[in-house]
Structure formats: C-alpha cells, structure tokens
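Please read them with the structure open beside the text.

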Amino acid sequence: MLKSYFITAWRYLTRHKTYSIINVAGLSIGLACAMLILLYVKDEVSFDKFHKNVNNVYRIVTLSKFNGTYHKDGNTGFLQGPRFAKNVPGIQSYVRVQSGAADLQNGQEIQSQDLLYVDSSFFSVFTFPLLGGNASTCLTEPHSIVLSEDAAIKHFGKTDVVGKTMMLKEDSLFVPFKVTAVAKKCPQNSSIQFEVLLPFRESEMDAKNTDNWFNFFLNTFVVLNPNAKLQTVENQMQAFYVRDASKAYKAMVEKYLNGYDEGMGTYFLQPFTDMHMSTELPSQNGLQNASNPMYSYILSGIALFILLIACINFVNLTIARSLKRAKEIGVRKVIGSNRKQLIFQFLGESFLLCFIAFAMALFLVELILPVFNNLSNKALSFSYLFDAKLTGTYLALFLVTGLLAGFYPALVLSGYKPVETLYSRFNLAGKNYLQKSLVVLQFALASFLIIATLTIYSQFNFLTKTDLGFDDRNIVEVRKPGLKFHEAETFKAELLKNPNIVDVAPKNDGFWGTAAKISNDSVMQFAYETVDESYLPALKIQLVQGRNFSKSNPSDATNSVLVNEAFVKKAGWKNPIGETVNFYYLDNEKYQVIGVVKDYHFVALNQKIGPQLFTMKPSNNLGLFNIKIKPGSETESLRFIQAKFKEFFPLSPYSYIFKNEQRIKDYESEAKWKQIIFFGAVLTIFISCIGLFGLSVLSAEKRTKEIGIRKVLGASVSNVVATLSKDFLMLVSIALIIAIPIAWLATDKWLQNYPYRISLNWWLFAVACILVLLIALVTVSFQAVKAAIDNPVKSLRTE
Amino acid sequence: MIDLKHINKWVNSGGNRVFLLRDINLNVNEGEFISIMGPSGSGKSTLLNVIGMLDEFGEGEYNFLGQPVHQLKEKQRSQLYKSHIGFVFQAYHLIDELTVYENIETPLLYQNINTSNRRAIVADILDRFNIVGKKDLFPPQLSGGQQQLVGVARALVAKPKLILADEPTGNLNSKQGEEIMELFKQLNSEDRVTIIQATHSERNAAYGSKIINLLDGRIEK
C-alpha cells in the first residue's frame, strides 16, 4: 500500500514539473530561512553558556542618578572586585577584565595589539581550555603573556610557544614578556574574546585609594557560592559599599558637585549569561558581540513570514491542482478506498514534497551561510546541525511543515464526492475565499516589506549623503594619541612642507565630554573639543558670529573658547560673544566665548547635535590629525604622511582612514538592517510570485474551455490576457490597500528613532505599489499570454 | 439481488423540483444482463449511480442482496458496494500515474490482500484479457479499446457480483465496442456476473437479456 502511494506521488511530482518545482522551491526557501534563524537563535540562546560554572558567575553593575535621570552601568573599577570579595561572604572569587592595547615589536615592525588585562583567577572563573601552560599560574607573574591559538600563529607561526618571549612596550621601552600559556580559540558564542591576555596590575596606591570606588573603567565578575542567595549578597554588597565609601563620596560631592548630592548609587549583580542580549547593560568595554534581541525578533519574524507564505503556496496550489486530481480521487473511492486512506495518501505526498524541500533547504543553508554570517555578525557553521537538540528541532520543523501544508488539502481532497468528480459535474470555481485571502495575505506581507525596504534605503541614503555641515572630502585621519601641543605643531609644520598637503588640523583623540558652569551658575554638559586655529577652515565649518581662534592672538589659548549654536541655545544666551564659561572643578578656570560655530554633525546622524565647546588649552593632549590633501594626490600624500609619521613617532603604530569612509562605518548597523530587510523583501516577493504564478497556471488550465469559447466568439489575445489577469491584480490591489497604512505606521515609528530623518513621501508608496503591481502583472500575464495564444480548437475538442 | 421500489430522485432548480428519477421499480436477479436505454438526459447514469450507491435518492426503498440500502449509513453503504460492485465508465477513468498492472492491482490493495495473492490474481486477469504485454504501459499510451479493457479488468479483479457499466463503448469505435460487449457477454454467461449497462446503441443493448427503456426519469413499459 505504502509503496503504491509512494509510486503515485513520485510519478505525479515528476510528471507535473512546474507544479512540483514551484512547490519545492518555495518550501525549500521557506525552510532554509527557518533553519538559518533556528541556528541563529540557538547560538544567541547558547551564548556564554559553555563556561562550567556559568550559573554562579555575575557581573557587578550599578544604578545611579545623574542630572536627574537614572542609568545603569556595567562598568566598575579597581576596588569593587577585591573589596566585595573580601567583605561579602557569598562571594567566592572575582576577576577584573579590562580592555586595552599594547604596541608589540616583531622584528622591525611595530604593531598595535588589542588585549585584555585580567586577574590571575581568569581561568578558574571562565572555561577557556589551554593548549599549553598552567591555568592557575600563567597570569601570576608580572611579565607574563597568554596568547590565543590565533595570536600564537600570527606571531610565531605555531602554537607550541610556551616559554618564548615577546617584546611589548611598557611606558616608552620595549620589554620582554614570557609566554606562559596558549589558549584554544574562544568559542564564537563567547562575550569574552581575546587574542592576548596580560596580568591585571594596580599600584598599591590605587588599591588603597577609596576614591577609586567612583572610577569606572573595567568589568568585574564575581563567582557566588552555589548556595548563596542573590538577594542577600546584593544587600550585603550595598551595605558594605555605603560603609566603606560614604566618606569619600561626601568629600567628592563637596569638591566637584557643589554639594549637589544625587545619591551614592546602588550595586547589584547581573547574571553573566544575561549580558549578551541586554539592552540596558550590554556587553561592552572589552566584552564583545553584544547583540540586540530585536535582531532575533525581526529575523525570526521574517523567517516565519517566509515559511508561512511558502506553506500558503503549498496549500493553495495543492487545492487548485486538485481539479486535475479530482478524477483520481473519484476513481479511488469507487474502487474501494475510504477517506482515511485518501487522507494518508495526500499527507504522504505532502511529506514527500516536504522531504525533498527539506533536503534542498539543507543544501541552501550551506550555500547561504557565509552571507548570513556576515549579515548577522556571526560565525555559524553547518556542523552546528549535528547538535542533537537542533537536529530534533529541525525534524520537528519538517513534521510541522508537512502537516501544516498537507493536512488541509488532504482533508478537502478526500472529501470529494465520486459521482461529482467522475461526471465532470465537479466545479471548484466557487468563491474560493480562502485561497483568495491567502493570496491577499501573501502580497500584503510582501508589499509591507517592500515599503519598509524603500524607506530604509531612503533613510540610509539620507544618513550617508546628507550635508553634515562640514566638508569631509579629501581628509585623511591619522591617530597618534597623547601628543602635546608643541609636538603636534612640529609634526604639522613638517607635513605642510609638502605642497600636496593643503592643511593639517590636529584635535583631541576620541570623544570627550565635560561640564562647566555658564554665566548664571548653572552647570551644563557638553562635548569638549581641543583643536587649533586650522580646525574650522580645514573642515570648512562655518562661523555664525565672532571670530575663529587666531595665532595672532596668543591669549586665545588660555582665555578663549568657541561654542556651537546648540550650546548657545541650551545656555539661553542672547549675546553669546563675551559670555563666560567657568570650569569650576579646575579652580574656577574661566574662558570667554569669542565665536559661535554653526551646528555641524560632529556625531553620527542618529544622534542629535548637542552643545559643543572648542578650546586651544595648551595643557590638553592632542591625538588625531585631520590632514586635508589635494584631490588626486592620494597615493603620494599617503606615502609621504606615513614616512613622516615613522620618522617622528618610530615606536607608534601607523594607520589612517579617509574621513568620508569613517562616515560609512558609523552606519554599519543601519547598513545591516537595510540588507536584512532587503533580503526579506526579495524572498517574500519571490515566493509570493511563485505562488501567484502557480495559481495563474492552474486558473488558465481551469479556464481553458472558457478561453476557447471566448476566442471562437472573437476575443483578441489582449482581451483574453486582461480577463485572466484582472482577478489576480484585483487581489494584489486589495493587498496593497491593507499593507500601505500598516507600513506607514511602522516606518513612521521606525523613523522616529532618528533625530534627523526623511519625511515619508507619497511617492515612496506609489513606487512600492507600482513595483508590486508590475511584478504581479508580469507573473500572471506570462501564463495568461500563453493560454491566450493557444489554438481554441484544441482546447474545445478535448472537452 | 436488486430490488428498487418507488425510487424518486430530484434536484431543486429555481424553486422547482426537477425529477431525475420518477417512481422507479426494478428487480434484478443474479446472473441477469440488463441494458438500460434512453436518450441523453433520460436518467440512465443517475439510475446506475443510485444502484451503485454512489448517489443518493430522495424517496423509495432499495434492497441490495437483502440489505436495506436506504437505511444504511454512508460507511456501511460504501462497504457494501466496495465488496460487491465493479464499475466501468465511458471515459475509462484509469489513474494516469499508474501502469496497467498497478491500475488493476489498486482495488486489491484497498482490500488488504497480501502481495503474493495479489500478484497471482492480477497475473491471472492480465492473462485472461490478453494484456500481459501491456502491463507496464501507462493508460495514455493505450488505445481507447485497450484502456476500456483495462477498465473492465479493474472492475472485475475484486470478483464483484455486479458490474455497472455506464456507456462502456461510448468512446470506442464499433469494432472495439463489439469486443467489449462480447467480453461482457462471456463474463455474464461463464462467470455468472450480473451486469447492468447503460447504452445509446440498440445493437449493444441487444447483448443484454433484458432491456429497460428510460425516458425523462421514468421506466417506459
């Protein structure tokens, strides 16, 4: 019996190739998407769980109030780890993890190497197996270095390197460090990723200075006793903190905050495994791969959409196809089959199809995985599939899809009455509301995603192309942190000797923020930029009032600042020129505003322009050179800059970036979203079209006789095409009417995330509508034209 | 074997009752070969379908082999016709995806007959119908006459007591038609299979032992 079912099914599939291909292609794409997302979700869920003791590991985090708002911070400092571990009984041990970089000498070359400073307990708290060396002692000696497999290969070409030495820069000298251990590569689902570990060191003074309670710059992890209660430990931590730090806190409030006390803040513990997907307390500061759970939701949503649409296709096509199979069903019933057997037969067929689709999907997954990894920022591999749980889930996915797609058609088909089917009295025409609403649903989803894609593309375009208020073309950024003003000026003068170098504008490295009192004694926060007089002209930043810093005015360096328009607005100044800014915590250093800079986007466009202040204060460090070069002189200029850099700073690593490329990097996350939604939309519309195509084929088949009669009566080809396409286009139009308002709401909501955004335009929706209708029309008319040019005599005779 | 009493069947069309069968009384004994004649639309197929229990009727009594069909439930009814009735259709109604062999075998599959028995029964019938050489072909590869031969073979394979044939020669040329009618005659006389056929053709009707004329759903006396 089973064999017979199988044979019929197989022959049926091979004989109706279009139908089978449509079904298998759609389903396998749907399944492949679902599989990828399962892989992704599994990886997200398993993040950091490979550590043996992970359920007892927590990160020390804080909740504090600043300027009236609460925020949580995952960072801590020198003291939290050792002092809590010593004074709170529930805490077994601690490890501090600080990210950093060191310059590393390899022959003549000097490279900058990212690394982590960790306490010697690192390998007892976390499970990172070693290839060589002793886990408990490898980080105890000061000049020890632990390499990862990759780093060992990078620097020595092999992993068997315990006992060898490497030259690392300490202060200004290169000092030998002894390799004490080599660790296996960190699993990709780990928040802690390291190539190089160095022992964490603190001076006696730092360890004793109670002020360090308030200096946050690293992550502290603690291991709790297995039977300690989290709540109790947290309470004890807080109690100890208040006892230990109150005095220092009060002194600090007096000194820096004018006695404005907003509370000492609260310590609590975050489970280690919660970090990865936490939006409030994410993995950062040396911890990597932090992930927004939103990605999981959106990806899963899209995958579900696609799988759903593929299943809808399957149901639709199978039922539409059943007209052809009605005869077989009638015959089978007449010669002795009962309904149950027929249901089994059709379920079996859908499972066969699903099985083929499943096999294809596995193949597809293997094929798409690199692209997907790139999109999702992961290094997933096919071998993950051999995990028992995941294999189980995939099997479940297969069964569910088979049932979902096969059960309804099986139920409908097996219910046909033999007399009706055998005497051609059978008519599936009916209203077919289900089929039609499924088509509408598909196209509504597809249209929604197309509109979303268009919106995201426009917004992305806006973010990357909009005028930032400064000219970022032909500007090379070179970093050399920690330079004094006069050092920077010498280097600048040397660069300017080359006629290809138009201007050099040094500024501070990175983003600095600080606070000061403005005239009416209120404290204001702002971005703090240290620049020289070249900065504004080099970047073509406009001044709206007053003047720029000037060499001819030596007092500018010590007395003057520039502010931007946002600063003026926030300060509420009517006549900003001549107003004073008071750095009260620096013994009331006072500066005069000499000019107002037009607001420019000094931070990425996904943040609003905030108050900004420019100074030339000589004691500040500079660290970043904006070097404006002549257009077309890139190769020569870069060679020249590099040569000069090596000459001036032989012990520092050199790297450069074009400022306008930096801008693309700022929007990496947007770029990723753009791609994800784009792929989702393409797949959805593709599968929807496959389904529509299938239905139009069947509809044309069903209406062969009608078309024949119409042609005999004198209908032209275009008449017939219109007749056949009209109904489908109607459905697609309804889908659009449903999709547009929802898409409008959703995209509008998304755009609210951006302080600078495009406005939603009617043409965007018009383009989407035309696109969807066009795609649908092409899909449908392809078959309609074919049916319309068929010879009517042939179709009528077979009736 | 078959006893129809006052059978009425109608459909409602625009508020009117249109009778398909009107007061049919018919008695068929085992071993009879009955031809039902009548013009298109006279109700021949409907009557066959009622006898074959594929179609329901509005009023009347129908006893088949002593069982009151009008009182049976759908399931019991289909059980009854599956085990006793074989159908032959004008359009053959073979399953295109199955070979000749598999088409004939299918009814036996539904009756859960084991493999070796099935093979023997099908081989026997292929042999008897002289279609052994065609057993691996698919229906579209056969001529109309050959397809109908397979149709008859399939109807017979489960050893029914009754064969219902609805215009079995309607799609065939006269020579093919004659062969099928000869086959029916032989089955009727040698195997004692009861046959009821609907036909347009006087000549084919003459193969039967009794002719019933239908007009507008009524048996003409």
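1. Chain A is divided into three parts, namely domain 1 (2-41 + 293-462 + 668-797), domain 2 (54-274) and domain 3 (475-630). The C-alpha centres of domain 1 of chain A and domain 2 of chain A are 52 Å apart. Please keep in mind throughout that this is a predicted model.

2. Strand β1 (residues 57-66) of chain A has several antiparallel pairings that can be followed one by one. With strand β11 (residues 266-271) of chain A, β1(A) pairs in the antiparallel sense over six bridges, and within that pairing A:V61 stands opposite A:F268. Five bridges join β1(A) to strand β2 (residues 69-73) of chain A, again in the antiparallel sense, and here A:K65 has A:Y70 as its bridge partner. Strand β10 (residues 219-224) of chain A is joined to β1(A) by three bridges and runs antiparallel to it, with A:F221 as the bridge partner of A:R59.

3. Turning to the contact between the chains, 20 residues of chain A touch 20 residues of chain B. On the side of chain A that touches chain B, at least two residues each are supplied by α1 (2-15), α8 (293-334) and α11 (418-422) of chain A, and the largest share, six residues, comes from α1(A). Sorted by class, the residues on this side of chain A are ten nonpolar, six polar and four charged.

4. In chain B, four strands form an open sheet in the order β2-β1-β4-β5, with antiparallel pairing. Because β2 (16-28) and β5 (67-68) of chain B stand at the edges and have a single partner strand each, one side of each is left without a neighbour in the sheet. Strand β1 (residues 2-13) of chain B pairs with β2(B) in the antiparallel sense over nine bridges, and B:V11 has B:V18 of β2(B) as its bridge partner. Helix α1 (residues 44-51) of chain B lies across β1 and β2 of chain B, and runs at about 60° to β2(B).

5. How do the helices α3 and α4 of chain B cross, and at roughly what angle? The axes of helix α3 (residues 100-110) of chain B and α4(B) come within 10 Å and cross at roughly 130°, which makes α3(B) oblique to α4(B). The crossing of α3(B) past α4(B) is right-handed. From α3(B) the contact draws on B:Y101, B:I104, B:E105 and B:L108, and from α4(B) on B:R118, B:I121, B:V122 and B:I125; by class, these are six nonpolar, no polar and two charged residues.

6. Helix α4 (residues 115-128) of chain B also packs against helix α5 (residues 144-157) of chain B, at an angle of about 140° and with the axes 10 Å apart. On that angle α4(B) is oblique to α5(B), and the crossing is right-handed. The residues in contact are B:I121, B:V122 and B:I125 of α4(B), together with B:A153, B:L156 and B:V157 of α5(B), and by class they are six nonpolar, no polar and no charged residues.

Methods. Residues numbered from 1 in each chain as written. Chains lettered and ligands numbered in written order. Predicted model: local features only at pLDDT ≥ 70, side-chain atom pairs only at ≥ 80, totals over all residues. Axes fitted to C-alpha atoms, helices over the stretch in contact; angles between N-to-C directions. Parallel < 35°, antiparallel > 145°, perpendicular 65-115°, else oblique. Left-handed = near helix turned anticlockwise from the far one by under 90°. Contact = placed C-beta atoms within 7 Å. Nonpolar A, V, L, I, M, F, W, Y, C, P; charged D, E, K, R; others polar. Domains from an automatic or database assignment. Pairing = 2+ DSSP bridges.
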